[in-house]
Amino acid sequence: MSLQNSGAEKVLDFIRSRLGLNSTQSKTAAVIGLLSLAYTLQKVVTSKPSRQAKIPAHKERVVILGATSGIGREIALQYASRGARVCIVGRRRELVDQVEAECSALRNSALGIRGSMYETGRVVFGVVGDFANAADMVRLREVLEKEWNGLDTLIVSAGVSALRPLMEVAGVESAGERASLEGIQNAVRVSDAAVKGNFTGPLVAAVTFIPLLTQTSASPGILLVSSLAALIPAPTRTLYAATKSASLLLYQALSIEHPNVTITNVVPSTVEGDFRASAVDGGKVREADPSKTGLKRVAVAKRCIDAVDRREKTVWMPGTMRWAHLLYWFFPTFIEGKARKKYNFTS
């Protein structure tokens, strides 16, 4: 039966009349609707039992890389609040000590003194280290083996921002210019910094800890805090998006190579906070004030922990961004226009 003579054509006519779409657009909308239904059914069919059935919350051994600020800090606090063993990792001693003290207080409040009387090893502690430094990560692994005899959950939330168009980084200010040697070298230098913070770090963490997780946990789990920019391109985020996309694909491929480890990737849109203040390219924030319009760190951290518990694969925040990604492949100019507007970019 042809589409014109089927009930599907009546559905398409209804979509066209209600949304003011042409024939091609209405068919695309119908396809997206069917895909949405298929996704919902897939979530129901493939849902997995919670990890907490194997690892009680108060026995979970959690390492947070990048735990001294932003989403990572909030994740550390929330894990401590439910009684998990928490290791805080960051590059600045004073911040590591501060978050360690906060987590200790929250865990003691959650479990009480009697709840931790018979525990061995340190239940909350901090380690100063750079997740892109192999020696630092091996040292961290040795500490975890000594204190906890292993690891259950690895949170990779460290990273760096980059906020300038690539040609601007290279010193090209107009269409008639060409990049100088010094400009190209500067672009490479900034690129190296972005690669180190957003790709090399996650790579070093994965290589260091995946064997430990598989050997010592009843339900090993990894969470990568990625970014919507890794999946939907945006102007001024050239280097940031490229490096975040690289680490996202790295962890997606690792989940196939290591099926016994649940790897969860969270891709939030703009999040509140000062993450962008230390951009490796020295760029300025171009979009609306993230502190007013961005996702709340508390909510993002809670969703991250829930996703690890539920052993989810990919989490979009907000959830509607999943369909924005799909729309990009059908109507790329529409999504690109939205991105230009958000970042106040004109070519």
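The model is predicted, so local features are taken only where pLDDT is at least 70 and side-chain atom pairs only at pLDDT 80 or more, while totals for chains, interfaces and linings use all residues. Residues are numbered from 1 along each chain as its sequence is written, and side-chain values use heavy atoms, with hydrogens and water left out.

**Whole chain.** Of the 347 residues, 46% are buried, that is, under 20% relative accessible area with a 1.4 Å probe, protein chains only.

**The sheet.** Select the strands next. They form an open sheet of seven in the order E3-E2-E1-E4-E5-E6-E7, with parallel pairing; two strands pair if DSSP finds at least two bridges between them. Strand E3 (124-128) and E7 stand at the edges with a single partner strand each, so one side of each has no neighbour in the sheet.

**Strand E4.** Select residues 153-156. Thr153 and Ile155 point one way, Leu154 and Val156 the other, and all are buried. E4 runs parallel to E1, joined by four bridges; show Ile64 and its bridge partner Ile155. Four bridges also link E4 to E5 in the parallel sense, where Leu154 stands opposite Ile222.

**Strands E6 and E7.** Select residues 262-268 for E6, which is joined to E7 by four bridges in a parallel run. The bridge partner of Pro268 in E7 is Met317.

**Helices on the sheet.** Helix H10 touches E4, E5, E6 and E7, contact meaning heavy atoms within 4.5 Å. Now select residues 181-216: helix H7 lies across E1, E4 and E5.

**Cores.** Show side chains for Ile64, Ile75, Tyr79, Val86, Ile88, Cys103 and Leu223, the residues with the most contacts inside the largest nonpolar core, which has 30 residues. Such a core is a set of buried Ala, Val, Leu, Ile, Met, Phe, Trp, Tyr and Cys residues joined through side-chain atoms within 4.5 Å. Elements giving two or more residues to this core include helix H3 (70-81) and helix H4 (93-115). Apart from this core lies another of 29 residues, among them Val63, Leu140, Ile210 and Leu254.

Finish on Cys103: leaving aside neighbours within four places in sequence, Cys103 is in contact with Ala76, Leu77, Ala80, Val86, Ile88 and Val124.

Notes: Buried means under 20% relative accessible area, exposed over 50%, partly exposed in between (1.4 Å probe, protein chains only). Axes are lines fitted to C-alpha atoms, for helices over the stretch in contact, and angles run from 0 to 180 degrees between N-to-C directions.
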